[in-house]
Each structure stands twice: as structure tokens, then as C-alpha cells.
Amino acid sequence: MASSKSGSGAMTLERMSVEQLKAVKEQADLEVNLLQDSLTNIGTATTRLEIATSALNDLSLRSLGSKILVPLTASLYVPATLHDTQHVLVDVGTGYFIEKTMPEGKDYCERKINLLKSNFDQLVEVASQKKNVADEAGVILQAKLKQLASSS
């Protein structure tokens, strides 16, 4: 069934003018680039959540009164003393933090990681389809341009 859809899509592309094919290819290429940017962002967010999960696991193993370094920025850490190993602040986005228990914080990170991985897989599929459309339009466009060049 997928091959019949692909075949009818190619038939539609073959009926288009050179200008229309150029527009279709440019649009598909643009969409592929945007999807690739989204995939990169999802990968970065997943990595950050995996690091957060690892930090929560490490934090849960420490005892009260342990000396730790707390990151304020990517390169600035301040010394601190651990006063509570059972509660954490979870960044839920746009500057909002929610206090959760350690198991709730770990669960939150795992659920977000699973959601992001699911979204990543879906976007990979869509990007692949868009790339196929762009490639198909490019092949047909090249064939039409060769045909126009040989007929003139």
C-alpha cells in the first residue's frame, strides 16, 4: 500500500512544471532542515535529562551533611552542604521549579526522557519521508531540465 502512495506521488510530481518542482523541492528541503534542528534539540534535551537522572541517583546515595558543589552556571560552582536528601527541586520549564520527593524527581526525569525519545522516533520518520519527497522532486526536476535542454 505504501508503494502505491509513493507511485501516485511521483505521478503528481511528474505532471508539475519546472517552477512548481523547484518550489516543492525547496519547501521539502526547508522542512527537512527544520526537522533536523528539532531532532538536535530533542537529543540535547534528552542528554540533559539523562545527566539530571544520574545526578539524582548520585545525590540519593549521599548522606546528610555531605559537602557538594552546586552548579550555578555551566562553569561556576559553589560549595554547599547537603541538608535534605529526600526532596529536590525539579525545573519544569520557563523558570518554574516544583519540589518533589527523590523518587518523584527520578520518575519525572524518566517520563520526560521516554516522551522525548518517542517524539524523536516520530520526527525521524517524518524527516525521512520529507527527505524522500525532496529527493524525488530533485530527480524529476533534473530529468525535466535535461529534457528541456536537449529539446532546445
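A residue is called buried under 20% relative accessible area, exposed over 50%, and partly exposed in between, with a 1.4 Å probe and protein chains only. The model is predicted, so local features need pLDDT of at least 70 and side-chain atom pairs count only at pLDDT 80 or more, while totals for chains, interfaces and linings use all residues. Residues are numbered from 1 along each chain as its sequence is written, and side-chain values use heavy atoms, with hydrogens and water left out.

Start with the charged pairs. A salt bridge here is a side-chain nitrogen of Lys or Arg within 4 Å of a carboxyl oxygen of Asp or Glu. The whole structure holds six of them. In one, Lys131 pairs with Asp135, with 3.1 Å between the closest N and O atoms. These two residues stand four apart in helix α3, which means that about one helical turn separates them. Asp135 is partly exposed at 35% relative accessible area, and Lys131 is partly exposed at 40%.

Asp107 has 41% relative accessibility and Arg111 has 47%, so Arg111 counts as partly exposed.

In helix α2, Lys25 and Asp29 are again four residues apart, about one helical turn. Their side chains meet in a salt bridge at 3.1 Å, N to O. Lys25, at 24%, is partly exposed, as is Asp29, at 29%. Helices (H or I, at least four residues) and strands (E, at least two) are DSSP runs, numbered from the N terminus.

Now turn to the largest pocket. A pocket is an open set of points on a 1 Å grid where a 1.4 Å probe fits, with protein on both sides within 12 Å along at least five of seven lines; lining residues have an atom within 4 Å of a point. The largest pocket has about 1,200 Å³ of space and 27 lining residues, with Ala52, Ala55, Leu56, Pro71 and Leu89 nearest its centre. At least two lining residues come from each of α2 (18-61), β1 (67-71), β3 (87-93) and α3 (102-151). Helix α2 gives the largest share, nine residues.

Methods: Grid points are joined across faces, edges and corners, and a volume is the space filled by probe spheres set on the points.
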